[in-house]
Amino acid sequence: MTTWNDPELEALSATVRGFVRDRVLPHQRTWETEGQIPRELSSEAGELGLLGAGYPSAVGGGDGGARATLAVSEAFHETGGAGGVASALFTTGISLPHMIEAGNQQQIEKWVVPALEGRLIGSLGITEPSGGSDVGALRTTARREDSEWVLNGEKTFITSGTRADFVVTAARTGGPGSQGISLIVVPTDSPGFTVAKRLEKLGWRSSDTAELVYDDVRVPAENLIGEENSGFKLISHAFVTERLILASQAYSTAQRCLDLTLQWVRDRETFGRPLITRQGVQNTLSLMAQRIDVARVYTRDLAARWDRTVDETRENTPIPSGTQDMVAHACFAKNQAVECAEWAVSQSLQLFGGMGYTTETEIEMHYRDVRILAIGGGTTEILTSLAAKRLGMMG
């Protein structure tokens, strides 16, 4: 993978590792208890260019593409950053791509640039109490009245929902199905918008997750992202890179657990000798390394292909046509990496024994955090079916 042996990517990774060691690791257990991260962490990450490393410089990013985004994710988790901290800190990865693709300069200056600088926090409001992965069946509505959109509905499982300054909200503006959906930016200080409650979760505890209510929320008509009823296409495009990011979070967390476990089995003695001298332990560690490497290489290859495809096929269109050919492969990458992570982290906890089950070790936290990865960004089952559909395997 010579495209990853890049001095700029290595420098970016080193910056992320230093940031995690200095600003995250000393505090993330406290943030888990408090249920959120401090706002100043976003501004600090923004100043270092971490929030927008993969985005174009025209919108305030670092021009690094998907490879830079993965480099940030890998370094963050391999250094010990919790999944919950990452999901809260890097909400830019799900709240901004649609505006960037639509290319409305007013929206970019008002929302995208300050969010990448860490001065604003955005959320993405898609999932509803009535359904999650079935985006085409959402019930939140937005009707046009003169120069405003009026929104009504509910959202749930919204990452950074309690701290957000704006929510990119998916709402029905047309007929039934996916073709009637639009994306609209809703400032959280809008009358009628409320955070119903913050959800308590098994994992990702430092990531505030909210239920939102829209009760005749009025926003300017210019807050529509792209064309009316084009929301599903924008969402589908952004899902590809989101799934690559989630895949990287999975295998990088597994790598962190492997590193911790390797040190543990070297130091831990049972029945008069180190655990690592036992063949069964050696085989488990080898299989962990194998599965992690397979997931990493496949996901990295897709990220590099994504960057090449975007460069080659954009042709002044909002969504590069060639990227749609990667939908199935992004599903494979996420599912493969998540399967690897769930197994590897479980093996790590088993090798740690009773210590792995206590909050005195990182393993316990990662064990809880990886479970959401098979659900968020499209469940494993939905992504398997979506891949089958894209590959023409449906009856």
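Predicted model: local features only at pLDDT ≥ 70, side-chain atom pairs only at ≥ 80, totals over all residues.

Which residues of α8 (residues 105-116) are buried? They are Q107, I108, W111, V112, P114, A115 and L116. The elements that cover these buried residues include the helices α3 (39-47), α6 (92-95) and α7 (97-102), along with the strands β4 (166-172), β5 (181-187) and β8 (224-225).

## Aromatic pairs

How many aromatic pairs are there? The count comes to four. In one of them, the ring centres of W111 and F166 are 5.0 Å apart and the planes meet at 50°, so this pair is tilted. W111 belongs to helix α8 and F166 to strand β4, so the pair ties together parts that are 55 residues apart in sequence. Both W111 and F166 are buried.

Another pair is formed by F193 and Y214, with ring centres 5.3 Å apart; their planes are at 80°, and since an angle over 60 degrees counts as edge-to-face, that is the name for this pair. This pair also links distant parts of the chain, with F193 in strand β6 and Y214 in strand β7, 21 residues apart. Both F193 and Y214 are buried.

## Arginines over tryptophan rings

The charged end of R291 sits over the ring of W343, at 4.0 Å from the ring centre. Likewise, the charged end of R300 sits over the ring of W4, where the distance to the centre is 4.6 Å.

## The loop between β6 and β7

S206 lies in the loop between β6 and β7. Is S206 buried or exposed? S206 has a relative accessible area of 0%, so it is buried. A polar atom of the S206 side chain lies 3.2 Å from the backbone nitrogen of V85. Not counting residues up to four places away in sequence, S206 touches W31, E32, G35, Q36, I37, G84, V85 and A88.

L202 is found in the loop between β6 (193-198) and β7 (209-220). With a relative accessible area of 53%, L202 is exposed, because the cut-off for that class is over 50%. Leaving aside neighbours within four places in sequence, L202 is in contact with R368 and R371. L202 and D369 are 167 residues apart in sequence, and their C-alpha atoms are 7.7 Å apart in space.

Most residues other than glycine have a negative phi. D216, in strand β7, has a positive phi near 50°. At 39% relative accessibility, D216 counts as partly exposed.

N229 is not a glycine either, and its phi is positive at about 70°. N229 is placed in the loop between β8 and α9 (231-267), and a relative accessible area of 27% makes it partly exposed.

## A glycine between β1 and β2

One more loop to visit is the one between β1 (122-125) and β2 (141-145), where G131 lies. G131 is partly exposed, with a relative accessible area of 31%. The C-alpha atoms of G131 and C257 are separated by 33 Å, and the two residues are 126 residues apart along the chain.

Conventions. Residues numbered from 1 in each chain as written. Heavy atoms only, no water. Helix = DSSP H or I, 4+ residues; strand = E, 2+ residues; numbered from the N terminus. Buried < 20%, exposed > 50% of the residue type's maximum accessible area, 1.4 Å probe, protein only. Contact = heavy atoms within 4.5 Å. Polar contact = N/O pair within 3.5 Å; in protein donor to acceptor, adjacent residues only side chain to side chain. Phe/Tyr/Trp six-rings, centres within 6.5 Å; stacked < 30°, edge-to-face > 60°. Lys NZ or Arg CZ within 6 Å of the ring centre and 35° of its normal.
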